[in-house]
Amino acid sequence: HRELAWLFQHKIGGDLDQAHMHYKFAWAIEMERLFDGPRPDYDALDRTPPGRAALLRIPGMSELVDKLRAAGFEPFSYQWPDSERLPAMLDILRDHPSGGVLLQHIRLRMLVDRYRLIPERMRRVEEQYGPLDWRMPQAHAIYWAWNGLPYAEGFELRILDRMIFQSLSDAFRQGRFFYDAEEELFIPSPHPDLLPYAMRAYAESVERYDDQGMRTAHLNFLHHALTILYMHHRITEAHMVYEEIRRRYPSDATEQEVEAYVIALFVEQIEDLTQEEARAFVEGMLSQSYFWLALGREERARGYNRIARQMWHFYMDPLQDDPIVMERVGLPPIEHMSRRALEHVRDSFQSRAAQTRLREERLER
């Protein structure tokens, strides 16, 4: 369990391997096809007959299986056809009354038999650690480390605990998936909704092990969380994180207002950013730019846009002379990151508009 978790956390989820972006992309596409989204439909899987005999007793199922086989598909091979033929298979399933059940059966068997992912365990992991995007390697690192906990003790238990909260921290910083099929563009981005789960996991580990190394890791996470939240205009949550820093790790610096503290953190981080930190910073600044532009504050919007582009060049320019390093830890083109940030802000405003309409409808009723 530990070795599987390590592979997902470092070999795929990290950036030390030259081909890490290929691994991330290939795994994400496999999981996207398996789940048709970021997560399994647990309720549908619960209702799905796990055995073939029970499945074939469903009215119309035998005819559907015959139709698939006549079209050249073997539903009980428990693997998808190639990407060119997969849409045709899915069309047959979607056009048949029993197609949804068969599709979930195929997904269930692929989950359990091919990937060794048990839906009930996946659900329990999400109940404890938040709504994970299973297309991302961090979710699988957490899953395998969690599965190893009942067998570990002593130092091994501590390693698994560390893997879980480190992977949860990584998922918070880069645990969402953006994919543009036409341009074959794959960009991991921050997942702020995981903040309370990551904060709880760190706090529990600090209490359990209570040493300086753990406290340092906790404070570093809180610093990263604060900057990411601030850059993505999650101001209420940013203030909550800052209060946690003040309460647990008071210092002369925490006597400042939150904005001054965040600016000081940016200055410290600029000198030695990792790939995911640089990506989160640039995307966050671009998101702030579009947010303020939507509110009519053009000067502030231009300021954030300028900071984002300066940071992009600050990070990328030193890599220009080494194509190998550029490929391994370089950022996506600034135009692609700008478009992704615009989509984030547009989705946010659409969600707020929908919530406003719902409140108005309730008032009218």
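Which residue just after α11 takes a positive phi?

1. In this predicted model, the residue in question is D210, which follows directly after α11 and has a positive phi of about 45°.

2. Helix α11 itself covers residues 195–209 and consists of 15 residues, with a reach of 21 Å from its first C-alpha to its last, close to the 21 Å expected at 1.5 Å a residue.

3. Helix α11 packs with helix α12 (residues 212–231) at an angle of about 165°, the two axes being 9 Å apart. Because angles over 145 degrees count as roughly antiparallel, α11 is described as roughly antiparallel to α12, and the crossing in which α11 passes α12 is left-handed.

4. On the α11 side, the contact is made by L195, A198, M199, Y202, A203, S205, V206 and Y209, while α12 contributes M214, R215, A217, H218, F221, L222, A225 and L229. Sorted by class, this contact has 13 nonpolar, 2 polar and 1 charged residues.

5. The buried residues of α11 are L195, A198, M199, A201, Y202, A203, S205, V206 and Y209, and what covers them includes α10 (155–174), α12 and α13 (235–248).

6. Helix α9 (residues 137–148) has 12 residues that should span 16 Å at 1.5 Å a residue, and its end C-alpha atoms lie 17 Å apart, which agrees. In α9, 12 of the 12 residues are buried, so this helix is largely enclosed by the rest of the structure; among them are P137, H140, W144, W146 and G148. The cover over the buried residues of α9 includes α1 (2–12), α2 (20–35), α8 (119–129) and α10.

Terms used: Residues numbered from 1 in each chain as written. Predicted model: local features only at pLDDT ≥ 70, side-chain atom pairs only at ≥ 80, totals over all residues. Heavy atoms only, no water. Axes fitted to C-alpha atoms, helices over the stretch in contact; angles between N-to-C directions. Helix = DSSP H or I, 4+ residues; strand = E, 2+ residues; numbered from the N terminus. Parallel < 35°, antiparallel > 145°, perpendicular 65-115°, else oblique. Left-handed = near helix turned anticlockwise from the far one by under 90°. Contact = heavy atoms within 4.5 Å. Nonpolar A, V, L, I, M, F, W, Y, C, P; charged D, E, K, R; others polar. Expected span 1.5 Å × (residues − 1). Buried < 20%, exposed > 50% of the residue type's maximum accessible area, 1.4 Å probe, protein only.
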